[in-house]
Amino acid sequence: MPSKVFRDPDADFGWDSSCEKYYYGRNLFMISASESPYDLPIYPRLYRASKHDSVLWVNTFHELLHWYPNWKIGESILDSAFEAYPIYEMLERYDVSAIIDLNPRRSKQFTYNKMDINLDGVPVCPIGCEMLDWGIDKKRYRRKWRCPAAVGGWQCPHPCSDSSYGRTFYTSTKNNPRLFPRVKRDSKERRKRFALRTGVERCIKRQKVDCKLEGSNGRSSRHWNIRTYIIAMCQHVDAWVKETEKNQYKDKELHRKVKSILFI
């Protein structure tokens with residue numbers, strides 16, 4: 001396209017799924033600290049609008065490892081746009097726990113070692129009952145499941161084991177990290193961890209809305225990157241100021257309590 005029509009030569013068209021329309025420009029991809037109380041950005045990156053988020057994640061993740069080789073990333077919390085088996089495999093390779101929401105358009109009942117597996121990663125026995133979680137070997141991320149009839153003490157109409165202990169079944173994150181992630185899909189811990197993902201949305205909202213990133217009339221990659229990183233620096237400065245104020249308040253409270261004790 002001629003530059004007089006589209007004056008930013010490094011940008012292109014992309015699809016905005018939330019607004020259901022095409023737009024011309026860039027895509028801000030942000031890696032943030034999920035457990036930070038201030039939703040701090042770690043590594044902001046600008047790409048052309050036409051690139052899919054899953055592709056951006058792979059590229060940005062490896063860039064992050066390149067620039068910060070001494071960092072230890074414990075887990076990655078992503079939405080259903082990143083729900084692809086190669087991403088699970090990649091994270092397992094780097095010893096990162098994957099907490100990714102299932103994409104309902106690609107999800108269905110699965111079969112693993114001749115056992116049906118539901119969308120929560122729970123084995124379903126031949127009569128349609130979910131097997132019971134009986135603990136995990138954290139070193140190997142291998143989970144044990146037991147027959148619900150044997151545990152509950154009721155008679156199964158079609159028993160699949162002659163043992164009084166009942167049938168057991170094992171699932172391993174190594175064999176299928178998508179079906180059997182390190183943090184079980186239907187657990188309270190996973191719901192608690194996944195809720196932290198909203199921090200990156202607040203981080204991006206701070207950049208785009210509060211600091212008016214989208215209001216810029218920049219026409220080059222250099223301009224957009226400089227503006228994005230300056231805003232990210234301001235976010236960190238705001239966090240430092242709030243931490244300083246918090247510590248000063250704690251010091252005053254401690255001083256007041258000490259004085260009251262001395263007077264008593």
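Tutor: A residue is called buried when its relative accessible area is under 20%, exposed when that value is over 50%, and partly exposed in between. Please keep in mind that this is a predicted model. Asp 39 has a relative accessibility of 13%, so Asp 39 counts as buried.

Student: How many helices and strands does the chain contain, and what share of its residues is buried?

Tutor: The chain holds six helices and 11 strands. Of its 264 residues, 37% count as buried. As for contacts between residues at least 6 apart in sequence, 50% of them join residues at least 24 apart.

Student: How is the length of a helix checked, and which residues of α1 are buried?

Tutor: An α-helix has 3.6 residues a turn, so residues three or four places apart point the same way. In α1 the buried residues are Ser 54, Leu 56, Trp 57, Thr 60, Phe 61, Glu 63 and Leu 64. The elements that cover them include β2 (21-32), β3 (41-48), β4 (75-78) and α2 (85-93).

Student: Which residues of the largest nonpolar core touch the most other members?

Tutor: In soluble globular proteins, nonpolar side chains tend to be buried together. Here the largest nonpolar core has 17 residues, and Phe 29, Trp 57, Ile 87, Leu 91 and Ile 100 touch the most other members. At least two residues of this core come from each of β2, β3, α1, α2 and β5 (97-100). Another core, of 11 residues, lies apart from it; Phe 110, Met 115, Val 122 and Met 131 are among its members. Returning to Phe 29, its contacts beyond four places in sequence include Tyr 43, Tyr 47, Leu 56, Trp 57 and Phe 82.

Student: How many cavities of 30 Å³ or more are there, and what lines the largest cavity?

Tutor: Rolling a probe the size of a water molecule over the atoms shows where empty space is left. The structure has five cavities of 30 Å³ or more. The largest cavity has a volume of about 70 Å³, and its lining includes Cys 125, Met 131, Cys 147, Trp 154, Cys 156, His 158, Cys 160 and Arg 167. By class, that lining comprises 10 nonpolar, one polar and one charged residues.

Student: What classes of residue line the second largest cavity?

Tutor: The second largest cavity, of about 60 Å³, has a lining of four nonpolar, two polar and four charged residues. Among them are Asp 120, Arg 143, Trp 145, Phe 180, Lys 184 and Arg 185.

Student: Is Asn 176 buried or exposed?

Tutor: Asn 176 has a relative accessible area of 16%, so it is buried. Its place is the loop between β11 (168-172) and α4 (188-194). The C-alpha atoms of Asn 176 and Tyr 85 are 8.7 Å apart, although 91 residues separate the two along the chain.

Key:
Residues numbered from 1 in each chain as written. Predicted model: local features only at pLDDT ≥ 70, side-chain atom pairs only at ≥ 80, totals over all residues. Heavy atoms only, no water. Buried < 20%, exposed > 50% of the residue type's maximum accessible area, 1.4 Å probe, protein only. Helix = DSSP H or I, 4+ residues; strand = E, 2+ residues; numbered from the N terminus. Contact = heavy atoms within 4.5 Å. Core = buried A, V, L, I, M, F, W, Y, C linked by side-chain atoms within 4.5 Å. 1 Å grid on protein atoms, 1.4 Å probe; cavity = no way out; pocket = protein on both sides within 12 Å on 5 of 7 lines; lining within 4 Å. Points joined across faces, edges and corners; volume = space filled by probe spheres on them. Nonpolar A, V, L, I, M, F, W, Y, C, P; charged D, E, K, R; others polar.
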